[in-house]
Amino acid sequence: MKKILKFLLTIFILAVLSGTAFVTVYAAKGYKMYIEATGAFPVENKAEEIQSAENFVTYDELPEFYVKAVISVEDRRFEKHGGVDPIAVGRAIIHDIQAKAPVEGGSTITQQLAKNLYYTQEKKLERKFAEVFTAFEFEKKFTKEEIFELYVNTIYFGSNYYGISEAAQGYYGAEVSDLTEYECAMLAGIPNAPTAYSLNASPELAKQRLVQVLDNMVENEDIDSEKARQLTVES
């Protein structure tokens, strides 16, 4: 409840700063969308469905390097926030309002999970708010490790591979726990734009994305510059 109140306060401040009143209208629409979606299929049921899959990979089975790579490139404050990064979301909403259209992201891993499981990819402000409320629900019901494993087991990796297990087998013929650091970094970058970064369709673009992942890991102090250089050369 405190998180929701904090978010609503953020919405109010954004409305004042932007000089518009319609922000709260979209927030209300998003809240209704969230209630309808999670009421029809509670988050606990969604999680059970995913966790019961034969190829489900638990958090403990994920290479540490892969976890760090995903967090550094997708949501570096993942382990600290409550489902939403206020700075990123606030910036995105203000830019969307100024442009009168959704033009910027800002989603955390939890928000991406909520969007992928419940909503379409259509860029509408009410959908963004619904995604936020659903992210709070996931953070309330699950640990960070559970949220992370739900996320990596459901995201799309291009080439018709869904989830980290299919991606590891499809691209490298390997079990997730056996992935090399280079392979971990490569797979961490693909979901950002799976069609563009698919190793089968665009290997050169995938390598460019790999460099971005490694640069983020350096900035996040997960690896040093020499390690990043070594992995880049390996590509």
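Predicted model: local features only at pLDDT ≥ 70, side-chain atom pairs only at ≥ 80, totals over all residues.

Author: Start with a crossing: α6 passes α8 in a left-handed crossing. A crossing is left-handed if the near helix is turned anticlockwise from the far one by less than a right angle, and right-handed if clockwise. Helices (H or I, at least four residues) are DSSP runs, numbered from the N terminus. The contact, meaning heavy atoms within 4.5 Å, involves Ile109, Thr110, Gln112 and Leu113 of α6. From α8 come Ile147, Phe148, Leu150 and Tyr151.

Reader: Which classes of residue make the contact of α6 with α8?

Author: Ala, Val, Leu, Ile, Met, Phe, Trp, Tyr, Cys and Pro count as nonpolar, Asp, Glu, Lys and Arg as charged, and the others, Gly among them, as polar. Here, the contact has six nonpolar, two polar and no charged residues.

Reader: How many salt bridges are found in the whole structure?

Author: A salt bridge is a side-chain nitrogen of Lys or Arg within 4 Å of a carboxyl oxygen of Asp or Glu. The search finds eleven of them. One joins glutamate 137 to lysine 141, with the closest N and O atoms 2.9 Å apart. Both residues sit in helix α7 (residues 125–141), four residues apart, about one turn of the helix.

Reader: Is glutamate 137 buried or exposed?

Author: Buried means under 20% relative accessible area, exposed over 50%, partly exposed in between (1.4 Å probe, protein chains only). Glutamate 137 has 16% relative accessibility, so this residue counts as buried. Lysine 141, at 33%, is partly exposed.

Reader: Which helices hold lysine 227 and glutamate 181?

Author: First, the bridge: lysine 227 pairs with glutamate 181, their closest N and O atoms being 2.6 Å apart. Lysine 227 lies in helix α13 (residues 225–234) and glutamate 181 in helix α10 (residues 181–189), so the pair ties together parts 46 residues apart in sequence. Lysine 227 is partly exposed at 27% relative accessibility. Glutamate 181 is partly exposed at 32%.

Reader: Which residues do shared partners join into one network?

Author: Glu44, Glu137 and Lys141 are joined by salt bridges that share partners.

Methods: Residues numbered from 1 in each chain as written. Heavy atoms only, no water. Helix = DSSP H or I, 4+ residues; strand = E, 2+ residues; numbered from the N terminus.
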